[in-house]
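Good morning, and thank you for coming.

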Amino acid sequence: MPMKELDTFRVSYLSILDEDANVDKELEPKLKKPELIELYRQMVWARRTDERMLKLQRQGRIGTFGPSTGQEAAQCAVAFAMKEQDWFAGAFREHGVRLLRGETLTRQLVYYNGQEEGNINEGSANPRNLPISVIVGAQPLHAVGLAYAMRLQGEKETCAVTFMGDGATSEGDFHEAMNFAAVWNLPVLFVVQNNQWAISVPRSKQTKSATIAQKAIAYGMPGVQVDGNDALAVYVAASEALERGRRGEGPTLIEAVTYRLMMHTTADDQYKYRTKEEEELWWRRDPLVRFRAYLEAKKFWSEKDQEALEEEYKVEIEKQVKAFEGMSGWKPDAPFDHVFGTKHERIEAQRREFLAEIAKEADRG
Amino acid sequence: MAKLNMVQAINLALDEMMAEDPSVVVLGEDVGVDGGVFRVTEGLIEKYGEARVIDTPLAESAIIGTAIGMALAGLKPVGEMQFCGFSYIMIPQLEGHGSRYRSRTHGQFHVPLVMRVPYGGGVRALEHHSESREASLGHFPGVKVVIPSGPRNARSLMRASILDPDPVVYMEPKRSYRAFKEDVPEAPETVEIGKAQVVQEGTDITVIAWGAMMHTTKKAVEEIRQARGASIELIDLLTISPMDTETICASVRKTGRLAVVQEAPLSFGPASEIIATVNDHALMHLEAPVKRVSGYDVVTPYFGRENLYMPTVGRARRGIEEVLDF
């Protein structure tokens, strides 16, 4: 019996706006001027706030965090394609998504200054943003459960979008989430930000697969690799995936090829495992630079607009940092309030002891 | 009033909750068409459909992980870990997320899920099917761990677990599944999670047990009563965590003596926590050292030896009498 070919598989790569800002006119999304400007503004906001947070961390004014610089297109363009009602289950580097979905810099500073209050969705924050998830690869399963609940509750047009990195694709939970989402045919969008490095481990040591996108094939869902520094490509891929989900056609995997331009977290020294030359190469692919060039070519943006934006953000960042620094009075025993939603004497007894002990500590001076 | 065994009683509680509340869903391996390998979920898929009684792919982490997502969106999932030995896989999701969404967001998100875990020895099962690991789960803040001992409290505890706003691990002593029947009232009952139950009042000694060991301990207590007329206060712990300090300590203050019977390994077990609790609040009332009648710190042996390793009526009796005779 000769071997019979059962199937063949292909993996697609999507690029619309290349690193020299050349546009593929056929694939270019039909976004209007205000929409394009808004997307650009969001990416710049993510970058400027990231830069400021890094400075604040270096000054000891906030704790450890993972900068998102370089990944703005991979993050903001997905969030831009999402609808208000969609759920977001991210990891810990998606500041771009969080800010676009209404979270403030102030609250990020509160969180990274060590207070869980920075995870509370209030004001402009979308109530369907899940908080930061530090354990790598765990949150995609939550997105699958959310999508299941939405369908059961009759919200058929609601998607769940989950983000992770290339490292997370080695975790079992990632594969289980892909499998469950596909078997249950749920509207889940898996966005892998392949930023080339999982702390010190390069993409080449993470998986033998030629692409991460192709992992979707085994689970019976579409997977596409996109230029993750090309906001237009990311937007188009995410929009198509979300529309498929809303039509009841199941999950999608997007591999956004990008680069973590900074350290893994502020506690990391990236030059222990990679070179400045490699970073230089990726700085030339900066998603902000090419998107601005695209807008300028369309006469939607000018140097003057940029100056005005930088000034606006400078003022806004100062305002939000000030608001953060004016905050105090964190309730010391709040953790006891939130062990359970019901009161238990065993917990309450420990709260009383805790309060008595910290009072005594204060007396010691 | 109906006479039910524990499997029927848990099934009844699930059925009642699913009928009352459309947000209750059941998920796990073989829970649908098969009705669960122990038949605890039998008949539910016919009544409530496969959207609410979900036969999942074979992946424990995903069962709890997706249940967490469902719970975050307002469903009340009841997941099944087929056997205790497969339940360790759920711990990263349980400790890492299920127990933390509430504290992580100061109560904005919470995770009202139940994970059912058949546990314990005595049914001549394969390897990994017979452990008693309630202590390890009780160590995680934000997780409640409950264990019924009979059909009636199995039903009320399941109802309480589903109504609870936080993750509850509901451990089912599978040796007791079909061991005996009990009268279960017509109307649904609930109990307060975190409360132990004094099942028999007494003045000479307090004896605490839970799960399958309640049955063993009850027999030992009855033997002692008949043999020497001792007045024994018997407590069914019901909730491993958060543990009921008051009921335990009030009893020990009254009796001055304590023995604990557990199937779990000796070291770091719930019995140790009970003794430490008594130490904190009722030490000066003790008239004798506290006795632990316990499993041993060995890997649960295959069933050829398991009965040698689990506390028996005889061991429980000797342990209780040792304290009485001190």
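Predicted model: local features only at pLDDT ≥ 70, side-chain atom pairs only at ≥ 80, totals over all residues.

In strand E3 of chain A, A:Ala160, A:Thr162 and A:Met164 point one way, while A:Val161, A:Phe163 and A:Gly165 point the other way, and all are buried. Buried means that 20 or more other C-beta atoms lie within 10 Å of the residue's own; with 12 or fewer the residue is exposed, in between it is partly exposed, and the C-beta atoms are placed from the backbone. E3(A) covers residues 160-165, and because six of the six are buried, the strand is largely enclosed by the rest of the structure.

Residues are numbered from 1 along each chain as its sequence is written, and chains are lettered from A and ligands numbered from 1 in the order in which they are written.

What does E3(A) pair with? Strand E2 of chain A, residues 87-89, runs parallel to E3(A) and is joined to it by three bridges. A:Trp87 has A:Ala160 as its bridge partner in E3(A). In E4(A), A:Val192 stands opposite A:Met164. Two strands are taken to pair if DSSP finds at least two bridges between them.

I turn now to helix H4 of chain A. The buried residues are A:Leu105, A:Arg107, A:Gln108, A:Leu109, A:Val110, A:Tyr111 and A:Tyr112. Their cover includes helix H1 (33-58), helix H3 (95-100) and helix H12 of chain A.

How do H4(A) and H12(A) cross? The axes of H4(A), residues 105-112, and H12(A), residues 303-325, come within 8 Å and cross at roughly 40°. That makes H4(A) oblique to H12(A). Axes are lines fitted to C-alpha atoms, for helices over the stretch in contact, and angles run from 0 to 180 degrees between N-to-C directions. Angles under 35 degrees count as roughly parallel, over 145 as roughly antiparallel, 65 to 115 as roughly perpendicular, and the rest as oblique. A:Leu105, A:Thr106, A:Leu109 and A:Val110 of H4(A) meet A:Ile317, A:Gln320, A:Val321, A:Ala323 and A:Phe324 of H12(A). Contact means that the C-beta atoms of two residues, placed from the backbone, lie within 7 Å. Just after H4(A), A:Gly114 takes a positive phi of about 100°.

Next, the meeting of the two chains. Chain A gives 37 residues to the contact and chain B gives 36. On the side of chain A that touches chain B, the elements giving two or more residues are helix H5 (139-152), helix H6 (172-183), helix H13 (334-337) and helix H14 (345-364). The largest share of that side, 10 residues, comes from H5(A). Helix H13 of chain A is also the place of A:Asp337. A:Asp337 has 16 C-beta neighbours inside 10 Å and therefore counts as partly exposed. Its C-alpha atom is separated by 48 Å from that of A:Arg290, 47 residues apart along the chain.

Finally, chain B, which contains 12 helices and 14 strands. Of its 326 residues, 59% count as buried. The C-alpha trace of chain B spans about 60 × 40 × 40 Å along its principal axes. Seven strands of chain B form an open sheet of mixed pairing, in the order E3-E2-E4-E5-E7-E6-E12. Its edge strands are E3 (53-55) and E12 (239-241) of chain B, each pairing on one side only. From one strand to the next, the twist averages 20°. Within this sheet, strand E4 (residues 76-80) and strand E5 (residues 114-119) of chain B pair in the parallel sense over three bridges. B:Gly79 stands opposite B:Met115 in E5(B).

Helix H3 (residues 60-72) and helix H4 (residues 91-98) of chain B pack at an angle of about 20°, with their axes 8 Å apart. H3(B) and H4(B) are therefore roughly parallel to each other.

Terms used: Helix = DSSP H or I, 4+ residues; strand = E, 2+ residues; numbered from the N terminus.
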